[in-house]
Amino acid sequence: MTENDIIQLVSGFPGVVTQTVEENSEAPEVAWGDTFFFYDPEGTLETHPRQPFATIVIKDYPDWDTFSDLNRPGVFRLNIAVGRATLQRLVGDDSEVDYTAEDRVLPHPKYATQGWIAIVNPGEQARPLLTEAHARAVARHRPRKTS
């Protein structure tokens, strides 16, 4: 799957807000070009920020996350909040992880303890995982009043 394939798929899920960080935005420069997927059926994301349920990262974050060597040409990483049980089922307790491996479900190098997985240049296995992450976001959602 390409970045655009993922963006089209997830943006089509009900209640999803997709944000790709643009140059010269208020976000840090290192995040420019990265994409974040939020479940926000009320449209209150601007006034009530929340965590995304999936992200696409297109480059390394120096001094923070360089595990996947995303600065290679044509490489990006899809990160998905699948929950701890699904993470355990998918990756087990493998202590030897090659975070640069492509098209392989891996524990997220920084957020695995929060139930996140990472897939560098994902294939079709990402579709059901994104669908499941969206369903989790829907189930966990608490509507917020607009003011």
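Student: Which strands does helix α3 lie across?

Tutor: Helix α3 (residues 126-140) lies across β1, β2 (35-39), β3, β4 and β6. The helix runs at about 40° to β4. Helices (H or I, at least four residues) and strands (E, at least two) are DSSP runs, numbered from the N terminus. Contact means heavy atoms within 4.5 Å. Axes are lines fitted to C-alpha atoms, for helices over the stretch in contact, and angles run from 0 to 180 degrees between N-to-C directions.

Student: Where do the numbers come from?

Tutor: This is a predicted model, where local features need pLDDT of at least 70, side-chain atom pairs count only at pLDDT 80 or more, and totals for chains, interfaces and linings use all residues. Residues are numbered from 1 along each chain as its sequence is written, and side-chain values use heavy atoms, leaving out hydrogens and water.

Student: OK, the sheet. What order are the strands in?

Tutor: The six strands form an open sheet in the order β1-β2-β3-β4-β6-β5, with antiparallel pairing. Two strands pair if DSSP finds at least two bridges between them. β1 (16-20) and β5 stand at the edges with a single partner strand each, so one side of each has no neighbour in the sheet.

Student: How many bridges join β4 and β6?

Tutor: Five, between β4 (residues 77-81) and β6. R77 has V120 as its bridge partner, and N79 stands opposite A118.

Student: Is β6 buried or exposed?

Tutor: Five of the five residues of β6 (residues 116-120) are buried, so the strand is largely enclosed by the rest of the structure. Buried means under 20% relative accessible area, exposed over 50%, partly exposed in between (1.4 Å probe, protein chains only).
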